[in-house]
Amino acid sequence: MVKQGFLWVIRFIVGGLFIFSGLIKVNDPVGTSIKLEEYFDVFSNDIAVFFEYLKPIALELGIFLVVLEVVLGIMLILGVRTKFTVWALSLMILFFTFLTFYSAYFNKVTDCGCFGDAIKLTPWESFYKDLILVVLIGILFLFKDDLPKSSPKWAKVVTMSALILCFVLAITAVRNLPFIDFRAYKVGVNIPQNMQPSATLEYSYVMKKNGELVTFDQYPSDESLEFVEMNLKNPDALPKISDFAVWNDEGDFSEEVFTGNKVLILVSSMAKMSDANLPEIDQLVKSLAGSPVQLVFVAAASQDEIQNFTSSRAWDVLSLQADATVVKTMIRSNPGVMVLKDGEVLAKFHHNNTPDASEVLDLFMK
């Protein structure tokens with residue numbers, strides 16, 4: 001009885017964690033695919049070149065993995081096909097543990113994306129979390145014969161319903177935008193403010209004196225002390241945005257973008273950009289001409305590529321360059337539309353939901 005209770009607690013903890021982690025990423029499968037592409041880039045250079053061939057299917061793999069996380073978590077808690085579930089969880093956690101160890105030890109991918117953008121973990125924190133799960137799942141594996149050997153029909157119905165629902169939610173998020181935006185560019189955020197510390201940064205100073213380490217809150221004036229290191233005491237106060245910049249051949253335009261009414265057309269990759277709704281964006285650009293709203297085209301591309309594209313679409317807009325990672329963080333759509341007023345994000349639109357001019361102008365009237 002005690003053993004069964006112990007195993008039930010482990011099933012609930014492991015299953016609940018997989019469900020929580022999976023649901024956060026079902027909310028943003030594009031973000032998961034971006035993280036997988038980072039890993040494939042690293043592995044193709046460090047381990048084997050065939051990882052490069054997985055990049056084109058990173059989104060499909062991402063959807064499969066995040067849905068699998070949720071479904072396996074539900075199956076474990078409800079006792080559906082427990083032997084298969086424990087085997088699958090074992091293989092999955094060993095894979096995740098390898099990824100997080102590789103990232104932490106070799107400092108390759110600084111954010112594993114285990115909980116999407118909702119909860120940020122350092123590579124070593126992610127690795128230690130996975131080690132705990134390895135132990136817990138290992139216990140379930142050792143005692144898999146003591147787990148439920150059958151499950152009620154309603155549990156199988158719940159599992160199948162969750163599988164279908166998660167796939168629908170994931171595909172909906174891909175074709176639109178994440179249901180919940182956890183990133184630093186979400187609607188309502190003032191980007192310039194997010195580029196500043198939320199409080200005065202405080203540091204401690206580690207010095208060496210007579211072979212012993214001494215920590216000070218203020219840099220000491222004693223010249224006999226040897227400086228060792230400086231540590232940030234309140235890292236939570238660091239700017240949430242530290243890498244935003246837009247520019248062209250004339251210089252940096254970051255401050256200009258934060259002034260007045262702006263509509264940004266964002267492209268993270270010219271090669272991968274969808275052209276399905278470009279006519280709708282063409283109409284938006286044409287309709288806003290002469291209005292009190294400035295259109296800005298921001299792309300992770302060369303100035304020549306940008307100029308050729310805007311000329312081919314007959315867009316009379318301010319054209320700027322940006323880093324691809326920044327653009328992907330700003331919006332999970334390629335292309336996408338972001339509406340700004342004095343640096344505050346009023347709205348974000350997937351290209352499938354490109355707004356018309358009246359909708360955009362109404363945002364500035366509120």
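Where does Asp342 lie? I found Asp342 in the loop between strand 9 and strand 10 (344-350); strands (E, at least two residues) and helices (H or I, at least four) are DSSP runs numbered from the N terminus.

A note on the source: this is a predicted model, where local features need pLDDT of at least 70, side-chain atom pairs count only at pLDDT 80 or more, and totals for chains, interfaces and linings use all residues. Residues are numbered from 1 along each chain as its sequence is written, and side-chain values use heavy atoms, with hydrogens and water left out.

**Backbone entries**

I looked up phi of Asp342 and got a positive value near 50°, in a residue other than glycine. Asp342 counts as partly exposed, at 43% relative accessibility (buried is under 20%, exposed over 50%, partly exposed in between; 1.4 Å probe, protein chains only).

Next I turned to Asn210, which is not a glycine either and has a positive phi of about 55°. Asn210 sits in the loop between strand 1 and strand 2 and is exposed, with a relative accessible area of 76%.

Why note these? Most residues other than glycine have a negative phi, and most peptide bonds are trans. I also logged a cis peptide bond from Asn334 to Pro335, with omega near 5°. Pro335 is in the loop between helix 11 (324-330) and strand 9 (336-341).

I then followed strand 1 (residues 203-209), which runs antiparallel to strand 2 and is joined to it by 5 bridges; pairing takes at least two DSSP bridges. Lys208 stands opposite Leu213 in strand 2. Of the 5 residues in strand 2 (residues 212-216), I counted 0 buried.
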